[in-house]
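Hi,

Here is the structure I promised to pass on. Have a look at it first, and then read my notes below.

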Amino acid sequence: MEKFVVRVQKKRSCTDDARSPQKKLKLESDERMKHEEEEELEEEDDEHAAFAEFSDPVPWRKIEAEGLDCDYALLFSKKEADELFKQLEEEVEYSTGEQARVQVFGKVYDIPRKLATYGDAGLTYTYSGVTRSACPWTPTLEHIRDAVTKTTGQTFNFVLVNRYKDGQDHMGEHRDDEKELDPLCPIASVSLGAARDFIFRHRDARGKQVRRQIEPVKLELAHGSLLLMNSPTNTFWYHSLPVRKKVSQPRINLTFRRIRLDRKK
């Protein structure tokens, strides 16, 4: 193909215009081959572009709606996920006392699940009226965090750990939109254990006085899965993990976040 390109760029003599039919057919064939190769290269570029935002591509499923942008994939195999769940059961120390409660509309309630916070030294996170300090990373939490970073290209300095003993444990509708969170960093949610339904509801489609008819978005978060909640999802959509009485097995969820280090400035 390079030989052909060089040839057509050379100055032609008067005799070059009188091409034989065979030469003309050969040039047309070369042009078709060049066009086909260019199309193949364009297709390859499109594939690379689709994965450009991820440093270590896995088969992602895109989940989109008005103002909702998420990516979902299976990050760990069943064998890996089983081992990680077992290690977390041994390593994670969950909050007790006041740290195991939340404040909603001025009233204090016990959290309907177990909760723990881990991260870089000195970090705090205020969630539902309670400020929580980060415990030092455990080896397993570091391993999972690094796997998420390798896959997404994003770095995280904090993780909220929620343990649901069965389908009775749950989480109400809320948005992860606290001011200390870096708005440019997605929230990465890793699920281990029992599969649970996860529901998004648009802010305009909530409550008794619904302003707009927008269908909720429901997912099932599988064992070993990773859900990325990209901006502006947490601006417009609430999410929840509702009660599921038929679920009898435990689940551990890790939501990796990036706390802004300049938030007090």
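This is a predicted model: local features need pLDDT of at least 70, side-chain atom pairs count only at pLDDT 80 or more; totals for chains, interfaces and linings use all residues.

Helix α3 (residues 78-91) packs with helix α4 (residues 139-152) at an angle of about 140 degrees, and their axes are 9 Å apart. On the α3 side the contact is made by Leu84, Gln87, Leu88 and Glu91, and on the α4 side by Pro139, Thr140, Leu141, His143 and Ile144. Sorted by class, that contact has five nonpolar, three polar and one charged residues.

Stepping back to the whole chain: the protein chain has five helices and 15 strands. Of its 265 residues, 42% are buried. If you take contacts between residues at least 6 apart in sequence, 76% of them join residues at least 24 apart.

How many of the residues of β10 (residues 187-193) are buried? Seven of its seven, so to speak a mostly covered strand. Strand β10 runs antiparallel to β13 (residues 225-230), joined by five bridges, and Val190 stands opposite Leu226 of β13. With β15 (residues 251-257) there are six bridges, again antiparallel, and here Gly193 stands opposite Arg251. Strand β13 also takes part in an antiparallel pairing with β2 (residues 68-74), over six bridges; Asp71 stands opposite Leu228 there.

There is also an open sheet of four strands, in the order β9-β14-β11-β12 and with antiparallel pairing. At its edges stand β9 (171-174) and β12 (217-221), each with a single partner strand, so one side of each has no neighbour in the sheet. Ignoring direction, neighbouring strands of this sheet are turned by 15 degrees against each other on average. Within the sheet, β11 (residues 196-202) and β14 (residues 237-241) pair in the antiparallel sense over four bridges, and Phe200 stands opposite His239 of β14.

Is Tyr125 buried or exposed? Tyr125 is buried, with a relative accessible area of 0%. Its place is in strand β6 (residues 124-127). Leaving out residues up to four places away in sequence, Tyr125 touches Val130, Thr131, Arg132, Phe158, Glu178, Glu180, Leu181, Arg257 and Ile259. One of these, Phe158, is 33 residues from Tyr125 in sequence, while the two are 8.7 Å apart in space, C-alpha to C-alpha.

Gln213 is found in the loop between β11 and β12. Gln213 is exposed, with a relative accessible area of 76%. The C-alpha atoms of Gln213 and His202 are separated by 9.3 Å, and the two residues are eleven apart along the chain.

Then there is Pro232, in the loop between β13 and α5 (233-236). Most peptide bonds are trans. The one from Ser231 to Pro232 is cis, with omega near 10 degrees.

Last, the cysteines. A disulfide is a covalent bond between the sulfur atoms of two cysteines. How many disulfides does the model have? The count comes to zero. As for burial, Cys70 is buried at a relative accessible area of 0%, and Cys185 counts as buried too, at 9%.

Cheers

Technical notes. Residues are numbered from 1 along each chain as its sequence is written. Side-chain values use heavy atoms; hydrogens and water are left out. A disulfide is a pair of cysteine sulfur atoms within 2.5 Å. Buried means under 20% relative accessible area, exposed over 50%, partly exposed in between (1.4 Å probe, protein chains only). Helices (H or I, at least four residues) and strands (E, at least two) are DSSP runs, numbered from the N terminus. Two strands pair if DSSP finds at least two bridges between them. Axes are lines fitted to C-alpha atoms, for helices over the stretch in contact, and angles run from 0 to 180 degrees between N-to-C directions. Contact means heavy atoms within 4.5 Å. Ala, Val, Leu, Ile, Met, Phe, Trp, Tyr, Cys and Pro count as nonpolar, Asp, Glu, Lys and Arg as charged, and the others, Gly among them, as polar.
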